[in-house]
Amino acid sequence: DFYAVAMSLDSDESIDQAFLQLHEYCDDKGLYALINNAGIVSAGPLSHIGMQEVRQQFQVNVMAPLRLVQCCFELLRRQAPQARIINISSVSGLFASPFIGAYAGSKFALEGLSDSLRRELALVGIRVVLIEPGSIRSPIWQKQLGIGHRFSNSPYAAYVTSADERIAAMEREAQGPECLLPSLLHALESSSPRARYLVHPKKWLIRLLVHY
């Protein structure tokens, strides 16, 4: 069966309303897995990016996943010790590149929350897993086109004017979303899922960069 529930991650009220529908649907069966996958990117130099953008970045990428964990906690407990939470992070949660500091900060925060959750929820039989992909082909970066114009009057103008070209190059080199499938299936089906799954064509380089 497929049952869709719409929610807006920048609204706690919307999340709570969606959870009420989910709770009614799951009834006494409980919930086997929660996958927090949604995310947005707010690009720009941290010294000039709007604070409302930063707040929305953290709301969608950090606060909303935590709120969903809280809402689904009792449903997940009913499926313990098989239940699991899978948080889709990013290699940007391992090292931070310039001009995506708000995004990287949100992913670093998600990594920290997930580590604490993993140790806390292990006490009640719920596993917590992080999946850390590199660039994935999706519309998420297309929404940042035009960043050079937005910050053309900043001291960083010379560095961000070619942002659109770099975004296009990154998309050409990005992996397709299917690259996540082996890690995701293992995290969902294994009786002993790993704490982290790094999904990147050059894992050795990422580990070297961050002392993984």
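The lining of the second largest pocket has 18 nonpolar and two polar residues, with no charged ones (nonpolar covers Ala, Val, Leu, Ile, Met, Phe, Trp, Tyr, Cys and Pro, charged covers Asp, Glu, Lys and Arg, and the others, Gly among them, are polar). Before going further: this is a predicted model, where local features need pLDDT of at least 70 and side-chain atom pairs count only at pLDDT 80 or more, while totals for chains, interfaces and linings use all residues. Residues are numbered from 1 along each chain as its sequence is written, and side-chain values use heavy atoms, leaving out hydrogens and water.

Back to that pocket (an open set of points on a 1 Å grid over the protein atoms alone, with protein on both sides within 12 Å along at least five of seven lines; lining residues have an atom within 4 Å of a point). The second largest pocket holds about 510 Å³ of space, and of its 20 lining residues, Met7, Leu22, Ala33, Leu34 and Ile35 are the closest to the centre. Helix 2 gives the most to this lining, with five residues, while helix 1 (12-26) and strand 1 (33-36) are among the elements that each supply at least two.

Now step back to the whole fold. The protein has eight helices and four strands (DSSP runs, H or I of at least four residues and E of at least two, numbered from the N terminus), and along the sequence they run α-β-α-β-α-β-α-α-α-α-β-α. The C-alpha trace spans about 60 × 40 × 30 Å along its principal axes. Of the 212 residues, 43% are buried, meaning under 20% relative accessible area with a 1.4 Å probe, protein chains only.

Buried residues in helix 3 include Tyr103, Lys107, Leu110, Glu111, Ser114 and Leu117. Their cover includes helix 2 (51-77), strand 2 (84-88), strand 3 (127-133) and strand 4 (196-199).

Helix 2 and helix 3 also each supply at least two residues to the lining of the largest cavity, a cavity being a set of grid points where a 1.4 Å probe fits but cannot get out. The largest cavity holds about 40 Å³ of space, and its lining includes Val62, Leu66, Asn87, Leu110, Ser114 and Leu117. By class, that lining is seven nonpolar, two polar and no charged residues.

Key
Buried < 20%, exposed > 50% of the residue type's maximum accessible area, 1.4 Å probe, protein only. Contact = heavy atoms within 4.5 Å. Points joined across faces, edges and corners; volume = space filled by probe spheres on them.
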